[in-house]
Amino acid sequence: MKLTFSKSTFLLAAASLTAAGAVAAESAVEVPDTFSYTLNPVVVTGTGMHQRLKSTPVPVEVITGSELRAASLNDLQEALTMMIPSLSFSPSAMGSYLRMNGLTNRHVLVLVNGKKLTGDISGNVDLGQIDVNLIERVEVLNGAASTLYGSDAVGGVINIIMKAPEAQPQFTSNSSLRRDRQFDQSLSLNLPAGRVNSLTGFHYSHSDGWQNSPFTDDDGELIPTLAQLSLGFTSQNLTQRFTYDPNDRLSLYADGAYYHRILDRPAEREGITGGMKYNTMSESWSWGAGGKYSLGALGSVSLDYSGRRFGQWYKYMLPSGNFNPGDYSKTKSQVFHDLEAKGIMNFSEQSNTVFGLAYRYEQLVRPEEDFDRHMNSFSAYAQHEQRFLNYFTALVGARFDTYQDVGSRFTPKATLMYHVGDFNVRASYAMGYRAPGLDELYYHLMKPMGSRHIITFGNPDLKSEMSNYFGLNLEYRTDRFSASVTGYINRVSNMITSSSTKFNDLSEAEQDALRAEFPEINDVKTSTLSVKQYYNYSRANVKGFEVNLTAMPLQGLTLSANYTFAYGRGLEADGSWSRLNRSVAHTATLTANYTHQWNWYRLNVNLNGRVQSKTYYPGDADGDAPGYGVWNLITRHTISCFRGFTLTPGIGIDNIFNRRDMRPLNSNFALYSPGRSYVVSLTVNI
């Protein structure tokens, strides 16, 4: 295992910059807090305003940036998998397929600083757009939340809160290396200049990908394949955020980011399956600006704008049609604009009121298929929280959305919390919805999908998906111990699904009609062609419970255990009910973190694990994916005896017990690990 020349040069440059900063510094810097866990953090996702976790009427799970760094988790998908049991991922060439309590990625809203993260590959939001080393915390809200956040918040919300520029200058370099040439390098620079602060971040990530089994199953016969269980890739993130506080009441910001990712798939080779003629490249540009004006004790008003342009290309490795090696072919372009005005008012000492107006524009373009459609939406929402009789807090809210060509939607919610001492009891109801996507509404095209081709017909008469969520939460929380149990039922109706029919199974008249509409059918094997149509039909019911325990039994030692049971069923076309596809019934995550300081040396030891039962694939000929258990051990050693900087080398083991799924590559998988991996890392703070 060795670094390429470019990576070695990059590390050398970072080390040189570190050394230069150390020489220039005049005093030792404070030892960074590698793990500062609080059992009562400030959260914002549940109610749209900043509140202590113990006081919010809506329960939220929190992962702090300190926890991510202590576990040496440089990939957001891996971090969410190891720390949030209700979430699971299935990576593929089309991105990571996210599920929350059995519901699909299209039913989970991913936010960055409260704004929707956009840019996807076949409906899978690319979480690689997020630089993990700039995360302040991640808040996860289970259940419907469309009253505050609009479409897609059917199964839950993941809100990624990024670091803000600070008033102190600081430079940080974080490098890590794992097996299979998995390498991450992050740099961040915080520069203050009076009332203006700047935070710049850069993240480089590379993996060669891996095979656990070099075989695939071909009608019962194992044959060699080039396909990988985890695809190789290279990505870069560059982010920039400025803040400006012209006076004590007004704060302004502007930010932007650039993201580039290209897969590194094996090239097609004669005599063996699994190769490809092209790689997939993704690129996104994002930008935003806004401001907040304080009204003193009365509250605040804010205005925020965000935009993003996301594109996807094929980069050819081998000749294909009119394309030669090195040529690019743009396959998708997405554009998003969001504008929101929001007020948070304190009309009395016992109440808070949130209200807002929002506008969204989204566009989807598929150049090769001559597809170009857009959609506008307008929203208005209000929410009121009232405390009364010393022990009760009631929260009610409603939202009205109107979508171009889809119609209007009204979504209410209500929550009642009883609080006495260290105990909380919360009962809640919330409605969620998801407006049909532009692809589901308007697709009318033929496109390749690997070695196959699909003709897709959208349905402009699709209705929005709806959900009714009921939850009951019991919580006990002190400074050193917290325990909570949440039971819920989420009923989803008008689910958008699709049917797929092989071209050769259609009638001769239907085939002729399709050939007239898509002449390119004559250029492909009809045995590899199918026809896909969208429609409203399915219903789903998800019910379950979650248990969360956290304790600090000793100074410096934190233990946490989280367990989720989810029983999700969907209605099939024949009227029967079956388990939701890719759902998991039992999942647990466990973490033990120990930190101790001896003068200029700090030790941090972090053990984390995930255990889950099988993943359901009802009706799939390849069967269910087996359950698994994975444990990681990371140690970090902060040394602060140097003048002007600190060093934090780390060493650890991912997947201690070498768990791997060695079945043929066309099986259904839940565990994608290459097995035991040794991890080395180095963090430098100036």
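## Overall surface and fold

The protein exposes about 29800 Å², and carbon and sulfur atoms supply 57% of that area. The model is a predicted one. Of the 686 residues of the protein, 52% count as buried. Charged side chains number 61 positive and 63 negative, with the centres of the two sets lying 5 Å apart.

The secondary structure comes to 6 helices and 38 strands. The radius of gyration of the protein is 26 Å, close to the 26 Å that the globule rule gives for 686 residues, so the protein is as compact as a globular protein of that length. The C-alpha trace spans about 75 × 60 × 45 Å along its principal axes. Among contacts in the protein with a separation of 6 or more, 64% are between residues 24 or more positions apart.

Strand 11 pairs with strand 6 and with strand 10, as tabulated here.

| Partner of strand 11 | Residues of partner | Sense | Bridges |
|---|---|---|---|
| Strand 6 | residues 108-112 | parallel | 5 bridges |
| Strand 10 | residues 135-142 | antiparallel | 7 bridges |

Individual residues show how the strands are set against each other. In strand 6, which runs parallel to strand 11, Val108 stands opposite Gly156. On the antiparallel side, with strand 10, Ile135 stands opposite Met162.

## Thr411 in strand 25

Thr411 belongs to strand 25, which covers residues 407-420. Is Thr411 buried or exposed? Its relative accessible area is 0%, and buried means under 20%, so Thr411 counts as buried.

Leaving aside residues up to four places away in sequence, Thr411 touches Ser146, Thr147, Gly397, Ala398, Arg399, Met431 and Tyr433. The list includes Arg399 and Tyr433 along with Gly397 and Ala398.

How values were computed. Residues numbered from 1 in each chain as written. Predicted model: local features only at pLDDT ≥ 70, side-chain atom pairs only at ≥ 80, totals over all residues. Heavy atoms only, no water. Pairing = 2+ DSSP bridges. Helix = DSSP H or I, 4+ residues; strand = E, 2+ residues; numbered from the N terminus. Rg over C-alpha atoms; globule rule 2.2 N^0.38 Å. Buried < 20%, exposed > 50% of the residue type's maximum accessible area, 1.4 Å probe, protein only. Contact = heavy atoms within 4.5 Å. Areas by Shrake-Rupley, 256 points an atom, 1.4 Å probe, with all protein chains shown as cover. Lys, Arg positive; Asp, Glu negative; His and termini not counted. Charge placed at Lys NZ, Arg CZ, Asp CG, Glu CD.
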